[in-house]
Amino acid sequence: MRYLSIYKTVEQNRPPTIEEMTAMGQLIEESMKSGELLATEGCLPSAKGVRVRLSQGQLVVTDGPFTESKEVIGGFAILEASSKEEAIAQAKKFLRVAGDGECEIRELYTAAEAPCGQADQHNRMKDQFATA
């Protein structure tokens with residue numbers, strides 16, 4: 001199964017140290033080689049970002065930084081795990097290297113797992129949401 005891990009943390013407004021980059025690089029390399037990490041990226045400061053929101057038909061674009069947020073998205077990872085518990089174990093290992101913050105873990109729905117027809121895909125998604 002594939003999982004999305006979204007890392008949230010208090011914005012640091014500084015680049016990582018060489019030691020932090022080395023430790024994270026080692027974790028990423030090991031996790032990629034083992035097959036448990038499929039993809040990962042970190043985010044630049046929220047000052048370089050924007051939020052696009054649609055509410056009641058109105059589109060609003062808000063430039064960063066997002067100072068009203070206590071935590072920002074620091075990065076993400078796509079994990080391969082045999083269970084939710086295994087994905088949690090991977091997130092714990094990541095947090096020990098990344099430091100303070102949290103990972104929100106969500107199982108991913110992939111079209112490759114579904115039958116080809118739109119109706120079949122729709123029914124499978126309904127089943128997955130019903131068991132959530």
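The following dialogue sets features of this predicted model against the definitions behind their names.

Guide: In this predicted model, local features need pLDDT of at least 70 and side-chain atom pairs count only at pLDDT 80 or more, while totals for chains, interfaces and linings use all residues. Residues are numbered from 1 along each chain as its sequence is written, and side-chain values use heavy atoms, with hydrogens and water left out.

Visitor: Why is Ser5 called buried?

Guide: A residue is buried under 20% relative accessible area, exposed over 50% and partly exposed in between, with a 1.4 Å probe and protein chains only. Ser5 has 7% relative accessibility, so the word buried applies.

Visitor: What does Ser5 touch, not counting residues up to four places away in sequence?

Guide: Contact means heavy atoms within 4.5 Å. By that criterion Ser5 touches Gly75, Phe76, Ala77, Leu79, Cys103, Glu104 and Ile105.

Visitor: Where is Ser5 placed, and what is its bridge partner in E6?

Guide: Ser5 lies in strand E1, residues 2-9. Strands (E, at least two residues) and helices (H or I, at least four) are DSSP runs, numbered from the N terminus. The bridge partner of Ser5 in E6 is Ile105. Two strands pair if DSSP finds at least two bridges between them; E1 and E6 have 6 bridges, in the antiparallel sense.

Visitor: What makes E2 and E6 the edge strands of the open sheet?

Guide: The sheet has 4 strands in the order E2-E5-E1-E6, with antiparallel pairing. E2 (37-42) and E6 each pair on one side only, and they are the edge strands. From one strand to the next, the twist averages 20°. Axes for such angles are lines fitted to C-alpha atoms, for helices over the stretch in contact, and the angles run from 0 to 180 degrees between N-to-C directions.

Visitor: Which strands does H2 touch where it packs on the sheet?

Guide: H2 touches E1, E5 and E6, and its direction makes about 155° with that of E6. The buried residues of H2 have a cover that includes E1, strand E5 (72-80) and strand E6 (102-107).

Visitor: Why are the buried residues of H2 said to line one face of the helix?

Guide: The buried residues of H2 include Ala87, Gln90 and Ala91. Seen down the axis of H2, the buried residues fall within an arc of 100°, so they line one face. The arc is that of the directions from the helix axis to the C-beta atoms. Glu85 and Arg96 are exposed residues on the face turned away from the buried side. Just after H2, Gly99 takes a positive phi of about 100°.

Visitor: What makes strand E3 hardly covered?

Guide: Among the 6 residues of E3 (residues 50-55), the count of buried residues is 0. E3 pairs with strand E4 (residues 58-63) in the antiparallel sense over 6 bridges, and Ser55 has Gln58 as its bridge partner in E4.

Visitor: How many residues lie between E3 and E4 in the hairpin, and why is Gln56 called exposed?

Guide: The hairpin has 2 residues between E3 and E4. Gln56, in the turn, has a positive phi of about 50° although it is not a glycine. At 82% relative accessibility, Gln56 therefore counts as exposed.

Visitor: Why is Thr62 called partly exposed?

Guide: Thr62, in strand E4, has a relative accessible area of 39%, and so it is partly exposed. Leaving aside neighbours within four places in sequence, Thr62 is in contact with Gly49, Val50 and Arg51. Thr62 and Gly49 are 13 residues apart in sequence and 8.7 Å apart in space, C-alpha to C-alpha.

Visitor: Why does Asn13 count as exposed?

Guide: Asn13 has 63% relative accessibility and therefore counts as exposed. Asn13 is found in the loop between E1 and helix H1 (18-34), and its phi is positive, about 55°, although it is not a glycine.

Visitor: Which residues does the cis peptide bond join?

Guide: The cis peptide bond joins Gly64 and Pro65, with omega about 5°. Pro65 is in the loop between E4 and E5.

Visitor: How many disulfides does a search of the whole structure find?

Guide: A disulfide is a pair of cysteine sulfur atoms within 2.5 Å, and the search finds 0. Cys43 is partly exposed at 44%, whereas Cys103, at 17%, counts as buried.
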